[in-house]
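Welcome! Please take a look at the sequence and the structure below, and then read on for a guided tour.

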Amino acid sequence: MSSRRRRRRKKGGEEVKLNMAAMLDMAFQLLTFFIMTFRPSPIEGQIALNLPPPIAVTQMRPIQPSDQAKSDGPSLPGFGTLVITVKASDNGELQSLVLGERPLLRGALRPGDVNALDRELQNIFTLSGGTFDAIQLHVDPKLNYSTFLALMDVCARQKTADGKKLEKLSFIELKSQ
Amino acid sequence: MSHGGDGNTAEPDLTPMLDMVFQLITFFMLVINFKSASMDLSLKLPVVGSARPVENEGIEDFLVLNVNKTGELVIYNQVTPLESYLNSEARVSRRKLSAAEASDPNVELPTTIVIRADKAVKFKDLNRVFTECQKRGFRKFSLKAFNMEDPEP
């Protein structure tokens, strides 16, 4: 057909004109669809965790420096796990945070508290000289996700005495009173 | 497009307009993200400074679970029963394992659970999601957060 047209053009000098209007209509419809469905997704970060089902432990002995730890007897079950107990007020904010058996924070979580907890955990994991290799959070069911995630973030940042990233991180729900 | 009078016809050259429109279509086709359909953008995620952008995108498979402030699971903007949804997704994930691995009931499933939860959700509700996932063999979790305050009110 095209050869016939070409031949015809040569003879009669006619020009083939494409109807652009139809194509433009379709293109505008497509454009409208894409503009209407365009929704730039917000940039989200993530905290990656490997969480096998937790086994509840209790703090077997107080937190102590490595030289004292070495002098103690055989290791007890759950000894390598640092227990952090988190209680919440009725509105879901932090009420108290107990590190092992030592109260550390009281009242709603402030940015300074997160840094204080971070320093404290760094000291424990460094000073204990390998005594602790895991953290278990005992969390009040009323605690809001925002505070919980802030605490998980601090815990996930910790490194064990040999410089490796802390991988044994778990949490269990405290029984509501 | 006849204008009466002398019977002249105005024929604008549509080619540049068509070019521009196709360029715009190409742009929108490239930036369209169907993954965001699975995300409930009405959720207010918590803000955590050290939350890192996703680095292993495209390598592993993900299952996005949106948890609203009342602790309900929201999938494609529909409140969905958690247990039945996880059962079906665990079956799908198990199919990706070899036959020997899939026969082990305690095997770790290869899917990463991406949790997008509202910052006001109670730990009790969130823990239910974690526990149900762990019961079905999911071990890898990714907790979503903004790393700066959301500019929208």
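## Where the two chains meet

The contact draws on 40 residues of chain A and 43 residues of chain B. Please keep in mind that this is a predicted model.

On the side of chain A that touches chain B, three elements each supply at least two residues: α2 (20-37), β1 (45-50) and α5 (145-156). Which of the elements gives the most to this side? It is α2(A), with 11 residues. Sorted by class, the side of chain A that touches chain B holds 25 nonpolar, 8 polar and 7 charged residues.

Strands take part in the meeting of the chains too. β1(A) is joined to strand β6 (residues 140-145) of chain B by 6 bridges, and the two strands run antiparallel. To find the pairing in the picture, look for Ala48(A), which stands opposite Ser142(B) in β6(B).

## Chain A as a whole

Chain A contains 5 helices and 6 strands. Of the 177 residues in chain A, 24% are buried. What share of the contacts in chain A with a separation of 6 or more comes from residues 24 or more positions apart? The answer is 69%.

## Helices of chain B

| Helix | Residues |
|---|---|
| α1(B) | residues 15-31 |
| α2(B) | residues 82-94 |
| α4(B) | residues 123-135 |

Let us begin with α1(B). This helix has 17 residues and spans 25 Å between its first C-alpha and its last, close to the 24 Å expected at 1.5 Å a residue. Is α1(B) well covered or hardly covered? It is hardly covered, as the count of buried residues among its 17 residues is 0.

Next come α2(B) and α4(B), whose axes come within 10 Å and cross at roughly 35°. The crossing of α2(B) past α4(B) is right-handed. From α2(B), the contact is made by Leu82(B), Glu83(B) and Leu86(B), while α4(B) brings Val129(B), Glu132(B) and Cys133(B). By class, this contact of α2(B) with α4(B) has 4 nonpolar residues, 2 charged ones and no polar ones.

Terms used
Residues numbered from 1 in each chain as written. Chains lettered and ligands numbered in written order. Predicted model: local features only at pLDDT ≥ 70, side-chain atom pairs only at ≥ 80, totals over all residues. Axes fitted to C-alpha atoms, helices over the stretch in contact; angles between N-to-C directions. Helix = DSSP H or I, 4+ residues; strand = E, 2+ residues; numbered from the N terminus. Left-handed = near helix turned anticlockwise from the far one by under 90°. Contact = placed C-beta atoms within 7 Å. Nonpolar A, V, L, I, M, F, W, Y, C, P; charged D, E, K, R; others polar. Expected span 1.5 Å × (residues − 1). Buried ≥ 20, exposed ≤ 12 C-beta atoms within 10 Å, placed from the backbone. Pairing = 2+ DSSP bridges.
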